[in-house]
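Dear colleague,

Please find below the structure that I am handing over to you.

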Amino acid sequence: MKKMKSLLIAAVMFFGVSATTATAQTKVAHIDVQALITVMPAMKSAEAELKALGEKYQKEYETMVTEYQTKAQKYQTEAATVGDAVNEERQKEVEGLLQRIQQFQTTAGQELQKKEVDLTQPIFEKARTAIQKVARAQGVQYVLDSSMGSGVLLADGTDLAADVKKELGIN
């Protein structure tokens, strides 16, 4: 009986300590990172710069295509009236233009992607740093990204967006 009482007291103490430990819960918060990034002034200027670069590449592409179409049409129209040497030369020229257009498309796409990374990476880093600073100041151990498609099904806890925007100087 005495052993049973000792075991019962030990069990109560053990579970009492475990319950106390469990109540010291981890603090979790969330933020819609995509929504935050889109309102950052730096992102708006990066988007404008990317749009301008894209339009520049589009104009260059259209100029090249127009030149190709003009030369191809001239080649087809005059093919029957000029000699084989001229036709062969024009065919090589048209094929060369087509290759240049394809190379331009590839290069322009790669340069546009690189420019996007170069412009947006510092913005994402600035947002991440601000999120970490606010979370630490509020005693938050985990911050979930509640952006659409991020895998968070319910974000009903502390939302850091307002405090992070304040930290970044966004109204």
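**Findings: salt bridges, an aromatic pair and the surface**

The side chains of Lys 71 and Glu 67 form a salt bridge, with N and O 3.9 Å apart. Please bear in mind throughout that this is a predicted model. Both residues belong to helix α3, where four residues, or about one turn of the helix, separate Lys 71 from Glu 67. Lys 71 is partly exposed, at 29% relative accessibility, and Glu 67 is also partly exposed, with a relative accessible area of 31%.

Lys 71 has a further partner. A salt bridge joins Lys 71 to Glu 93, and here the closest N and O atoms are 2.5 Å apart. This pair links distant parts of the chain, since Lys 71 sits in helix α3 and Glu 93 in helix α4, 22 residues apart. Glu 93 has a relative accessible area of 38% and is therefore partly exposed. Taken together, Glu 67, Lys 71 and Glu 93 make up a network of salt bridges.

Another salt bridge is found between the side chains of Glu 78 and Arg 90, at 2.6 Å from N to O. Glu 78 lies in helix α3 and Arg 90 in helix α4, so this pair ties together parts of the chain that are 12 residues apart in sequence. The relative accessible area of Glu 78 is 26%, which means that Glu 78 is partly exposed. Arg 90, by contrast, is buried, because its relative accessible area of 18% is under the cut-off of 20%. In total, the structure holds nine salt bridges, among them the ones described above.

I turn next to the aromatic rings. How many aromatic pairs does the structure contain? The count comes to one. A pair of aromatic rings is described by the distance of the centres and the angle of the planes. For Tyr 57 and Phe 104, the ring centres are 6.0 Å apart and the planes stand at 80°, so the pair is edge-to-face; the cut-off for that description is over 60 degrees. The pair links distant parts of the chain: Tyr 57 is in helix α3 (residues 41–78) and Phe 104 is in helix α4 (residues 84–137), 47 residues apart. Are these two residues buried or exposed? Tyr 57 is buried, with a relative accessible area of 11%, and Phe 104 is buried as well, at 15%.

There is also a feature to note on the surface. Val 28, Tyr 142 and Leu 144 make a nonpolar surface patch of about 280 Å². Of these residues, Tyr 142 is located in strand β2, which covers residues 142–145. Tyr 142 counts as exposed because its relative accessibility is 52%, and the cut-off for exposed is over 50%.

Finally, some values describe the chain as a whole. The chain has five helices and three strands, and along the sequence they follow the pattern α-β-α-α-α-β-β-α. It has 171 residues, of which 22% count as buried. Among contacts with a separation of 6 or more, 82% are between residues 24 or more positions apart. The accessible surface of the chain is about 12600 Å², and 57% of that surface belongs to carbon and sulfur atoms.

Yours sincerely

How values were computed: Residues numbered from 1 in each chain as written. Predicted model: local features only at pLDDT ≥ 70, side-chain atom pairs only at ≥ 80, totals over all residues. Heavy atoms only, no water. Phe/Tyr/Trp six-rings, centres within 6.5 Å; stacked < 30°, edge-to-face > 60°. Helix = DSSP H or I, 4+ residues; strand = E, 2+ residues; numbered from the N terminus. Buried < 20%, exposed > 50% of the residue type's maximum accessible area, 1.4 Å probe, protein only. Patch = residues over 30% accessible without salt bridge, like charges linked within 9 Å, V, L, I, M, F, W, Y side chains within 5 Å. Areas by Shrake-Rupley, 256 points an atom, 1.4 Å probe, with all protein chains shown as cover. Salt bridge = Lys/Arg side-chain N within 4 Å of Asp/Glu carboxyl O. Contact = heavy atoms within 4.5 Å.
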